[in-house]
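Please keep the sequence and the model at hand while reading.

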Amino acid sequence: MKKHNFYAGPSILSEYTIKNTAEAIKDFAGTGLSILEVSHRSKEFTAVMDEAQALVKELLEVPEGYSVLFLGGGASMQFCMVPFNLLKKKAAYTDTGTWAANAIKEAKLFGEVDVVASSKDKNYTYIPKNFTVPEDADYFHFTSNNTIFGTEVRFDPDVNVPLVADMSSDIFSRPVDVSKYDVIYAGAQKNLAPAGVTIVIVKDSALGNVDRAIPTMLDYRTHIKKGSMFNTPPMLPIYSALQTLKYYKELGGVKEMERRDLAKAELLYSAIDSSKMFVGTVEPEDRSIMNVCFVMKPEYVELEKEFIDFASTKGIVGIKGHRSVGGFRASLYNALPIESVKVLVEAMNEFEKKH
Ligand SMILES: *Cc1c(COP(=O)(O)O)cnc(C)c1O
């Protein structure tokens with residue numbers, strides 16, 4: 001049966017990415033060897049790294065003066081690398097979910113953290129709007145898409161200090177004004193590649209301003225100097241990322257991804273809003289187009305498990321909500337075709353009729 005993959009992460013990848021990755025595992029770039037067994041210094045792999053970096057720059061229109069890195073350690077490693085490299089005295093953060101809170105926790109190890117706004121009071125069901133970022137903050141950090149709670153900031157905020165964003169779960173789903181940022185980072189396993197690599201886009205001139213000693217591997221300058229090849233990079237995820245980037249470009253870039261993502265989200269949210277059985281969990285104006293969180297209305301709540309089983313008979317996989325929200329979460333990442341969303345909506349309608 002055809003599967004419809006709504007997992008939140010690791011998550012669906014395009015057939016193009018999977019097919020080309022599988023081929024490179026057997027024969028990489030005509031070398032007669034697997035990509036799993038060649039040197040990262042080989043000319044074939046160096047070309048992969050160069051092209052992947054160039055394509056990130058092209059798709060996101062990264063200006064001069066920025067470097068693109070492919071690092072290990074996950075987005076969670078960036079929670080400490082960012083303050084290690086940028087936090088002199090004070091940084092401002094918004095607390096909009098589990099990942100934001102984790103980032104705040106790490107930053108506190110390096111200096112003063114001003115949590116300028118939080119939506120924790122309502123279990124992170126909205127994006128706080130009215131807050132001021134102190135002018136003397138070294139940077140303002142926010143999570144553009146709150147993967148677990150299904151809220152999203154779909155613009156580049158205007159604040160009077162440099163921005164840092166965790167874009168792990170919505171990078172490449174819209175054009176971004178990179179010039180506003182000192183650092184953008186994104187774990188690959190939501191919208192790009194298998195787990196194991198994190199994209200970091202860093203403004204070169206933002207570095208070298210802190211007094212503390214930075215361990216070599218945690219210093220962005222180490223990786224910039226060596227073209228993201230200081231040590232052995234996660235080669236297979238980078239190869240997969242390159243395939244996805246090529247695929248995005250071929251389809252028309254991030255603008256086209258945004259158009260498709262908006263259409264998918266619109267389809268599912270309107271099904272939720274017109275349903276007697278299902279209800280969304282977040283403020284409509286802050287809804288994520290990547291992770292759609294919804295539950296059953298109180299009178300139907302005992303049917304939640306039954307719906308997940310019913311959906312699985314239609315090939316629908318990965319819609320169980322995160323334990324901190326409950327209910328359902330359908331992740332509509334770039335690689336998910338709208339046909340899968342249609343199947344989910346039909347399943348919801350059919351299930352509702354049945355009861
Ligand atoms: C998944 C996720 C993370 C954690 O990523 P790891 O690569 O597992 O460390 C961080 N931030 C956001 C927004 C995420 O969605």
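## Model and domains

The structure is a predicted model. The protein is divided into two parts, domain 1 (4–11 + 254–354) and domain 2 (15–251). Domain 1 therefore consists of two separate stretches of the chain, as its bounds 4–11 + 254–354 state.

The C-alpha centres of domain 1 and domain 2 lie 27 Å apart. To the contact between them, domain 1 contributes 29 residues and domain 2 contributes 28 residues.

## The seven-stranded sheet

Seven strands make up an open sheet, arranged in the order β2-β10-β9-β8-β5-β3-β4, and the pairing is mixed. At its edges stand β2 (66–71) and β4 (112–118); each has a single partner strand, so one side of each is left without a neighbour in the sheet. On average, and with direction ignored, neighbouring strands of this sheet are turned by 15° against each other.

Within the sheet, strand β5 (residues 140–143) pairs with strand β8 (residues 163–166) in the parallel sense, over four bridges. Phe140 has Leu163 in β8 as its bridge partner. Helix α3 packs on the sheet and touches β2, β3 (90–95), β8, β9 (181–187) and β10 (198–203). The direction of α3 makes about 160° with that of β9.

Strands of a sheet pair through backbone hydrogen bonds, in either a parallel or an antiparallel way. A further open sheet is formed by three strands in the order β11-β12-β14, with antiparallel pairing. Because β11 (278–280) and β14 (328–331) stand at the edges with a single partner strand each, one side of each is left without a neighbour in the sheet. Here neighbouring strands are turned by 35° against each other on average, direction ignored.

Three bridges join β11 to strand β12 (residues 291–296) in the antiparallel sense. Helix α7 (residues 253–273) lies across β11, β12 and β14 and runs at about 15° to β12.

## The largest pocket

Rolling a probe the size of a water molecule over the atoms shows where empty space is left. In this model the largest pocket holds about 460 Å³ of space. It is lined by 29 residues, of which Ala8, Gly9, Thr147, Lys190 and Arg329 are the closest to its centre. Two or more lining residues come from each of the elements α3 (74–86), α8 (304–312) and β13 (316–317). Of the elements, α3 gives the most, with four residues.

Sorted by class, the lining has 12 nonpolar, 13 polar and four charged residues. The largest pocket lies between domain 1 and domain 2, because both give residues to its lining.

## Two points of the backbone

Most residues other than glycine have a negative phi, and most peptide bonds are trans.

Tyr124 is found in the loop between β4 and β5.

Definitions and conventions
Residues numbered from 1 in each chain as written. Predicted model: local features only at pLDDT ≥ 70, side-chain atom pairs only at ≥ 80, totals over all residues. Heavy atoms only, no water. 1 Å grid on protein atoms, 1.4 Å probe; cavity = no way out; pocket = protein on both sides within 12 Å on 5 of 7 lines; lining within 4 Å. Points joined across faces, edges and corners; volume = space filled by probe spheres on them. Nonpolar A, V, L, I, M, F, W, Y, C, P; charged D, E, K, R; others polar. Domains from an automatic or database assignment. Pairing = 2+ DSSP bridges. Axes fitted to C-alpha atoms, helices over the stretch in contact; angles between N-to-C directions. Contact = heavy atoms within 4.5 Å.
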